[in-house]
Amino acid sequence: MTAERVDLDADTVGRDLVALVLTVVELLRQLMERQAIRRIDQGDLTDDQVERIGRTLMLLDERMAELRDHHGLSPEDLNLDLGPLGTLLPRD
Amino acid sequence: MTAAPCTTGVPTATDVPTATDASTATCVFAVCRGGDPAALEGMPGHEEGARVRLLPLGSLTAVVQDVPADRFSEEAVRERLSDGAELERCARTHHAVVSAAARCAPTVPLPLATLYLGDERARAALGKREQHLHAALDRIEGRAEWAVKAYTVPARPDAPAPAGKPEGPAAPASSSPDGPGSGRAYLERVRSRKRACDLRQEAALRAAERVDTALRGLAVAARRLRLHGPGPDRDRRTQMLNAAYLVDGDRDRELAAAVGRLRQEAEADGVRIEVSGPWVPYSFVDGGGTGDLGC
């Protein structure tokens with residue numbers, strides 16, 4: 001079914017594990033981003049809170065990019081094809 | 001593949017071949033009415049079987065082939081059709097015979113691997129469906145199926161989307177990425193990226209609906225089929241429309257002109273249209289109606 005299933009080959013298992021862990025972290029990060037935007041739209045955050053959350057998410061984004069680079073992964077590598085459900089993360 | 005539920009006549013437990021007729025089964029490809037199907041006799045079918053022949057069914061003619069029963073038992077067929085290469089071979093053979101039949105006479109294609117244990121059973125089963133087959137022939141005679149698929153074109157990095165470039169309109173004038181306001185600015189960038197993505201998606205959906213509406217206007221009947229998931233390769237397209245249209249044989253040009261026009265319009269919304277046809281109207285055998293197949 002899924003063409004991009006995680007292949008637990010001995011040579012690549014370390015990298016695949018990193019990719020899997022980063023995928024989960026990236027999913028959570030994107031969910032937090034969406035939630036933050038939703039909360040801002042609802043108007044229940046103070047300016048200070050918005051600023052703090054935004055900065056935290058931005059730093060997390062930068063850190064993710066560094067980790068990806070370090071392990072030679074592209075943003076597309078941090079995605080899972082869930083077959084008929086589409087992909088785990090939005091593709092754009 | 002169209003699913004005329006009861007005709008996938010893979011032998012069932014009650015149909016276990018007797019010792020005398022165990023060796024061959026009758027594989028039915030299609031049913032024709034009138035025309036000159038004699039030309040089909042002797043063409044090759046599935047490679048394990050005999051040559052294609054005709055089986056008269058009263059007012060209709062079935063296009064059949066004798067195949068070895070052991071290679072076409074329920075289990076063997078299930079196994080073969082779950083193997084990609086084998087499935088392709090079977091489907092191509094089936095399609096070749098069906099297409100040849102359709103060139104000779106008005107033809108109802110039957111589903112792949114429609115098997116009966118001998119001519120008598122085939123005749124009995126198809127005889128029961130005679131009315132249905134006539135209705136299908138009335139519906140598809142002189143018409144062809146066109147398959148139309150629409151995909152989103154993946155956004156190119158140079159597309160005019162507000163990508164991760166500095167400061168959207170709402171961002172404050174802070175120049176330092178770590179300066180005051182940078183957290184809010186980051187969230188605004190995320191928001192506009194997401195909004196652009198949503199807008200693209202909505203535009204693509206609307207474009208696909210426009211295509212469908214326009215083509216329905218030209219068609220006698222239309223069917224929306226299940227959307228395909230992402231392809232096996234790193235195919236980043238998303239399918240937005242998977243439809244089949246039953247079109248009168250003399251409206252081919254009109255269809256081509258409409259598709260040309262729609263293609264240009266859709267391109268502006270990031271949607272690419274693929275058209276294939278004319279096909280034997282596989283998707284319109286059942287008419288999408290009551291489905292009274294009598295078994």
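Axes are lines fitted to C-alpha atoms, for helices over the stretch in contact, and angles run from 0 to 180 degrees between N-to-C directions. Helices (H or I, at least four residues) and strands (E, at least two) are DSSP runs, numbered from the N terminus. Helix 1 of chain A contributes E33(A), A36(A), I37(A) and I40(A) to the contact, and helix 5 of chain B contributes L187(B), V190(B) and R191(B). Residues are in contact if their C-beta atoms, placed from the backbone, lie within 7 Å. Five of the contact residues are nonpolar, none is polar and two are charged. Ala, Val, Leu, Ile, Met, Phe, Trp, Tyr, Cys and Pro count as nonpolar, Asp, Glu, Lys and Arg as charged, and the others, Gly among them, as polar.

The model is predicted: local features need pLDDT of at least 70, side-chain atom pairs count only at pLDDT 80 or more, and totals for chains, interfaces and linings use all residues. Residues are numbered from 1 along each chain as its sequence is written, while chains are lettered from A and ligands numbered from 1 in the order in which they are written.

In chain B, four strands form an open antiparallel sheet in the order 6-7-5-8. Two strands pair if DSSP finds at least two bridges between them. Strand 6 (221–224) and strand 8 (271–279) are the edges, each pairing on one side only. The twist averages 20 degrees from one strand to the next. Four bridges join strand 6 to strand 7 (residues 238–248). A221(B) stands opposite L246(B) in strand 7. Helix 5 of chain B packs on this sheet, touching strand 5 (143–152), strand 6, strand 7 and strand 8. The direction of helix 5 makes about 5 degrees with that of strand 7.

A further open sheet of chain B has four strands in the order 2-3-1-4, with antiparallel pairing. Its edge strands are strand 2 (52–57) and strand 4 (107–116). Here the twist averages 30 degrees from one strand to the next. Strand 1 (residues 24–32) and strand 3 (residues 60–68) pair over eight bridges. C32(B) has T61(B) of strand 3 as its bridge partner. Helix 3 (residues 119–128) of chain B packs on the sheet and touches strand 1, strand 2, strand 3 and strand 4.

Note on methods. Two residues are in contact if their C-beta atoms, placed from the backbone, lie within 7 Å.
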